[in-house]
Amino acid sequence: AAGIPWNGVNPRTLAQMVPGRTLLGLLELPANGFARSAVSAWLSAAPVLHREHGQTVPAHRWDAIARSAGIVRGRDEWATRLDRHVGQLRRELAGLEESDDPADWRRPRLERDIEETDSLRAFMDELFHLLDRDAGGDWASYSTWAQQLLERYLGTEASLAARLPED
């Protein structure tokens, strides 16, 4: 309050900070069977980055898509049900192509839903791949792997700090 700089031990643990919560949540996903609720909670708990455009993922929108697709848990469900869901959306869009109504309001929504579902599918495929980790290895390799996960999903320390509100 007086503007005097100070230094000391942070009262928060790493698990209470964004990088710690993000990494712990990420590492718990396989143990939770990649349950939709766990994935949604992880995506909502931190500013997780989307690889395609470097912006944060649309966590709530992706949860709605996963719910609409009927995903409960499991890698296979994520793949098959997102594929089935996007197939249904494409059939609906194709049906509109045959429509006589040129100002059909559903077309832009369906196009957006298809794009977002494809994007979620690609994100989950990458997530599964990055979390496939051989149980062997030393602490240095685990540490490197964890750092790579954090940089992939949160960005660099500087970019994360720029995106977070100040305490």
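## Ground rules

Axes here are lines fitted to C-alpha atoms, for helices over the stretch in contact, and angles run from 0 to 180 degrees between N-to-C directions. This is a predicted model, in which local features need pLDDT of at least 70 and side-chain atom pairs count only at pLDDT 80 or more, while totals for chains, interfaces and linings use all residues. Residues are numbered from 1 along each chain as its sequence is written, and side-chain values use heavy atoms, with hydrogens and water left out.

## The overall fold

The protein chain has seven helices and zero strands (DSSP runs: H or I of at least four residues for helices, E of at least two for strands, numbered from the N terminus). Along the sequence, that reads α-α-α-α-α-α-α.

Of its 167 residues, 38% count as buried (under 20% relative accessible area, with exposed over 50% and partly exposed in between; 1.4 Å probe, protein chains only). The chain exposes about 10500 Å², and carbon and sulfur atoms supply 54% of that (areas are from the Shrake-Rupley method with a 1.4 Å probe; for residues, only the protein chains shown count as cover). As for contacts (heavy atoms within 4.5 Å), take those with a separation of 6 or more: residues 24 or more positions apart account for 60% of them.

## α2 against α3

Helix α2 (residues 36–45) and helix α3 (residues 59–69) have axes that come within 9 Å and cross at roughly 170°. That makes the two helices roughly antiparallel (angles over 145 degrees; under 35 is roughly parallel, 65 to 115 roughly perpendicular, and the rest oblique). On the α2 side, the contact uses Arg36, Ser40, Leu43 and Ser44; α3 brings Ala59, His60, Trp62, Asp63, Ala66 and Arg67. By class, it's four nonpolar, three polar and three charged residues (nonpolar: Ala, Val, Leu, Ile, Met, Phe, Trp, Tyr, Cys and Pro; charged: Asp, Glu, Lys and Arg; polar: the others, Gly among them).

The buried residues of α2 are Arg36, Ala38, Val39, Ser40, Trp42 and Leu43. They pack against α1, α3, α4 (75–97), α5 and α6 (139–154).

## α3 against α5

Now for the crossing with helix α5 (residues 106–131): its axis and that of α3 come within 10 Å, at roughly 95°. That makes α3 roughly perpendicular to α5. From α3, the contact takes in Arg61, Trp62, Ile65 and Ala66. From α5 come Arg112, Asp113, Glu116, Thr117, Ser119, Leu120 and Phe123. The class tally is five nonpolar, two polar and four charged.

## The loop between α2 and α3

His50 sits in the loop between α2 and α3, and is buried at a relative accessible area of 4%. Its side chain makes a polar contact with the side chain of Ser119 (2.5 Å). The term means a pair of N or O atoms within 3.5 Å; within protein, one must be able to donate a hydrogen and the other to accept it, and residues adjacent in sequence count only if both atoms are side-chain atoms. Leaving aside neighbours within four places in sequence, His50 touches Gln55, Val57, Trp62, Ser119 and Arg152.

Pro47 is in that loop too, and counts as buried at 16% relative accessibility.

Thr22 lies in helix α1 (residues 18–28) and is buried, with a relative accessible area of 2%. Beyond its neighbours within four places in sequence, Thr22 is in contact with Trp42, Ala46, Leu150 and Leu154.
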